[in-house]
There are 2 protein chains.
Amino acid sequence: MSDNKLNSDTRERILDVAERQFMAHGYEGASMRMITSEAEVNLAAVNYHFGSKEGLLRDVFRRRLAWLNSERLLVLDALEKQASGAPLKPSQILEAFFGTLLRIGEDESLGGMTFLRLLGRTLTDPAEFIRTFFAKEYAEVLERYKLALFRALPDVPRAEIVWRLHFMLGSMSYAIAGTDILHVITGFEIGEIPYISGQDDNNSSEAKKLSERLLPFLLGGLRAPLPQFADSTTQQQSPPAKTARNKLQEK
Amino acid sequence: MSDNKLNSDTRERILDVAERQFMAHGYEGASMRMITSEAEVNLAAVNYHFGSKEGLLRDVFRRRLAWLNSERLLVLDALEKQASGAPLKPSQILEAFFGTLLRIGEDESLGGMTFLRLLGRTLTDPAEFIRTFFAKEYAEVLERYKLALFRALPDVPRAEIVWRLHFMLGSMSYAIAGTDILHVITGFEIGEIPYISGQDDNNSSEAKKLSERLLPFLLGGLRAPLPQFADSTTQQQSPPAKTARNKLQEK
DNA sequence: TTAGTATTAAAACGAACGTTTGAATAACTC
DNA sequence: GAGTTATTCAAACGTTCGTTTTAATACTAA
């Protein structure tokens, strides 16, 4: 089990350092020379083990998203089994989706706040290969949760639910990224903002504080009164759920 | 007035192209050679007119944020004068803050959706000089709106308000950036998502649709029930507003 | 017209980038 | 222990980056 450290300790060391450097400087900003020198491995090691810098970033995420994706699906499965056919409550769905994510921040072995921040920042990276990577990586989970929300809010137009899913992802991404301009301005007023107080590993249970505040906010937004659709092109209830699943199959 | 096109048409052309390229490829991803060649100016023109690439990015934003900042302050001033001492409604504050921003997307002369997307993406850029630039550029306006929210929600702990201001900025930033992973997955299901349908200038009034959906969401989140503060370190009402203003003066 | 300033132009600078090469070393297989 | 594969290493590759330099050109003001 733990005796196969011979199975390239180099790989893990590179992944650890890369995770931290990509978080701190972004994908373009973190050079392979910075990464390999801090990891104390040869420059060529990255290309040997990961093929390229893009491959390195992919594996940095795959290492963590494997757990996140399967956990999110497991939790949703459990909830749906427990509900035995009845729609879930929106709060349950959000708790499952975002709570699972934020648990990463509490557990260093899952990546901790470092990975959480990296994820938040990378989700908004404009680079094409990053966006397509995440799209593929998130597709199944997002589709499942989207359908769960459709069932949980049958009276809300589906397009509206998707919009709000957008907004919720944004809140989350921004919050965990911690690049907020508010930090510099009002940072000291609320001393309890986790991700800026210490630089490194005061992680555990600080994500919990974030979770306690983020989830009520998201739930309030999700259940807010619908806009009035004042002008033209009002959208009505969407066609049966089949559509959504079909679109997913296309790619 | 319009006859001083001799005042370096080059400058404006560079700013226009840079705005678009920074939006499309990010700050690091857009090279000066790409920018100057598309703008059909000499490579050295950027350094001549803006000093450096950083200076170019700063001026790209200053050109637009000058209007945004003053407009946001004007609108807030007008509301407060109209209320004559009474606290504003949260919906008024959000409408003023986010509505003003989204109006940029409807007006090409203010930057349009291109600048809006650029702003959303850059707000999450980890580069140090970018963060400090935005912190300085946003300081006054954010402080004013924060205080307005404090007055509008006197029973809500101030730290909680700041948290939710974070979350709202995140929703907005992510929504206008349009790098959303949801695009690729569910993009076609809701055909009305504005910023991906066409590539360029089908802008006007599409930001209006975004605004119609974003504002109710934000308002719902802002007014959501408070978390219960189950465990330790509960925070209570903050000291008088003086504190916040003092912190601002420091820089 | 002339002197002075502002702008543009072509070329090169040094540094940093991601990647590749080919040999040396370590690890494993039979 | 010989043969094979996996990994590490130093060095260099070719490219691109932002910036600077030096000269030519355009514009302004006396």
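Analyst: In this predicted model, the residues that form the surface near DNA strand C divide into nine nonpolar, six polar and two charged. There are 17 residues around DNA strand C, and those that come nearest are S31(A), M32(A), A44(A) and S52(A) from chain A, together with T10(B) from chain B. Two elements give two or more residues to this surface, namely α2 (32-38) of chain A and α3 (45-50) of chain B.

DNA strand D is surrounded by 17 residues, of which T10(A), S31(B), M32(B), A44(B) and S52(B) are the closest. Here the elements that give two or more residues are α3 (45-50) of chain A and α2 (32-38) of chain B, and the residues of the surface near DNA strand D divide into nine nonpolar, six polar and two charged.

From the DNA we can move on to a pair of helices in chain A. Helix α1 (residues 9-29) and helix α4 (residues 53-83) of chain A have axes that come within 10 Å and cross at roughly 110°. Because angles from 65 to 115 degrees count as roughly perpendicular, α1(A) is roughly perpendicular to α4(A). Where these helices meet, α1(A) brings L15(A), A18(A), E19(A), F22(A) and Y27(A), while α4(A) brings L56(A), L57(A), D59(A), V60(A) and R63(A). The residues of this contact of α1(A) with α4(A) divide into seven nonpolar, no polar and three charged.

Of the 251 residues in chain A, 39% are buried. Among the contacts in chain A with a separation of 6 or more, 72% are between residues 24 or more positions apart.

Finally, there is the largest nonpolar core, which has 118 residues, and the members that touch the most other members are F98(A), L214(A), L218(A), F98(B), L214(B) and L218(B). Helix α8 (residues 158-177) of chain B gives the most to this core, with twelve residues.

Key:
Residues numbered from 1 in each chain as written. Chains lettered and ligands numbered in written order. Predicted model: local features only at pLDDT ≥ 70, side-chain atom pairs only at ≥ 80, totals over all residues. Near = placed C-beta within 6 Å. Helix = DSSP H or I, 4+ residues; strand = E, 2+ residues; numbered from the N terminus. Nonpolar A, V, L, I, M, F, W, Y, C, P; charged D, E, K, R; others polar. Axes fitted to C-alpha atoms, helices over the stretch in contact; angles between N-to-C directions. Parallel < 35°, antiparallel > 145°, perpendicular 65-115°, else oblique. Contact = placed C-beta atoms within 7 Å. Buried ≥ 20, exposed ≤ 12 C-beta atoms within 10 Å, placed from the backbone. Core = buried A, V, L, I, M, F, W, Y, C linked by C-beta atoms within 7 Å.
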